[in-house]
Amino acid sequence: MKTLIIYTHPNHNSLSYSFLQKTIQGLQENNRVEEIQVLDLYAESFDPLLVFNENKRRRDMHADPELDRHRQQLLWAEKIVLVYPIWWGRPPAMLLGYIDRMFASNFAYRDNGKLLPEGLLKGKSVVCISTMKGPSLYPLFWLNNAHKVLMRKALFSYVGIKKVKFFEFGGMEKKQGKQEQKLERIYRYFKTVAQ
């Protein structure tokens with residue numbers, strides 16, 4: 001199983017970074033995992049801005065040479081793991097900018113004249129690991145699960161990825177937030193996960 005981890009948090013002393021480390025540790029101890037690549041969007045100063053002008057057209061995004069390495073990572077990966085905080089009920093702007101630039105027409109999907117396009121990233125699976133200050137049930141009862149709907153339906157289903165798992169951890173700034181137990185849960189999951 002070739003696994004791409006996309007980490008999105010500006011601070012390597014954060015709880016999100018601890019979740020990244022536990023994910024890597026679990027994957028390294030999993031004999032089904034062939035190779036791991038980590039993309040740290042902030043550390044590599046990924047540019048999340050869309051630019052459309054006379055030189056950069058939207059219809060050409062799928063072939064932007066600046067993003068070729070990132071496209072190759074997504075094509076290579078069998079499992080994609082996203083590690084990020086929830087800010088204002090959604091993933092960080094950096095991750096959303098990555099999605100805007102990477103999941104382009106004729107790379108991630110192809111219009112086919114039907115209601116929904118043809119997803120070009122079929123056969124992959126995704127795990128989203130997110131942390132938030134608010135309580136765990138806040139996204140469900142207050143935001144109608146907007147985060148999960150955004151990631152599962154508006155993004156991954158659209159590009160052909162049907163297998164999406166969420167670890168949404170709330171109350172992470174509390175002293176009794178059970179952070180160590182949740183980190184251990186992530187480690188155990190990735191140590192044993194198959195495709």
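Analyst: A salt bridge is a side-chain nitrogen of Lys or Arg within 4 Å of a carboxyl oxygen of Asp or Glu. The model is predicted, with local features needing pLDDT of at least 70 and side-chain atom pairs pLDDT 80 or more, while totals for chains, interfaces and linings use all residues. Residues are numbered from 1 along each chain as its sequence is written, and side-chain values use heavy atoms, leaving out hydrogens and water.

User: What makes the pair D68 and R71 a salt bridge?

Analyst: The closest N and O atoms of D68 and R71 are 3.7 Å apart, and the limit is 4 Å, so the pair qualifies. D68 and R71 are three residues apart in helix α2, and are therefore separated by about one helical turn. Helices (H or I, at least four residues) and strands (E, at least two) are DSSP runs, numbered from the N terminus.

User: Why is R71 called buried, and why is D68 called partly exposed?

Analyst: Buried means under 20% relative accessible area, exposed over 50%, and partly exposed in between (1.4 Å probe, protein chains only). R71 has 7% relative accessibility and therefore counts as buried; D68, at 35%, counts as partly exposed. The buried residues of α2 are H70, R71, Q73, L74 and W76. Their cover includes β1, β2, β3 and α3.

User: What makes D60 and R57 a salt bridge, and why are D60 and R57 called partly exposed?

Analyst: The side chains of D60 and R57 meet at 3.0 Å, N to O, which lies within the limit. D60 has a relative accessible area of 31% and so is partly exposed; R57, with 41%, is partly exposed as well.

User: How do you know that G97 is buried, and what is G97 in contact with?

Analyst: G97 has a relative accessible area of 4%, so it is buried. G97 lies in helix α3 (residues 93–102). Leaving aside neighbours within four places in sequence, G97 is in contact (heavy atoms within 4.5 Å) with F46 and P48. The C-alpha atoms of G97 and P48 are separated by 4.0 Å, although these residues are 49 apart along the chain.

User: Why is R58 called exposed, and where is R58 found?

Analyst: R58 has 59% relative accessibility and therefore counts as exposed. R58 is found in the loop between β2 and α2 (68–76).

User: Why does L116 count as exposed, and where is L116 found?

Analyst: L116 has 55% relative accessibility, so it counts as exposed. L116 is found in the loop between β4 (109–110) and β5 (118–119).
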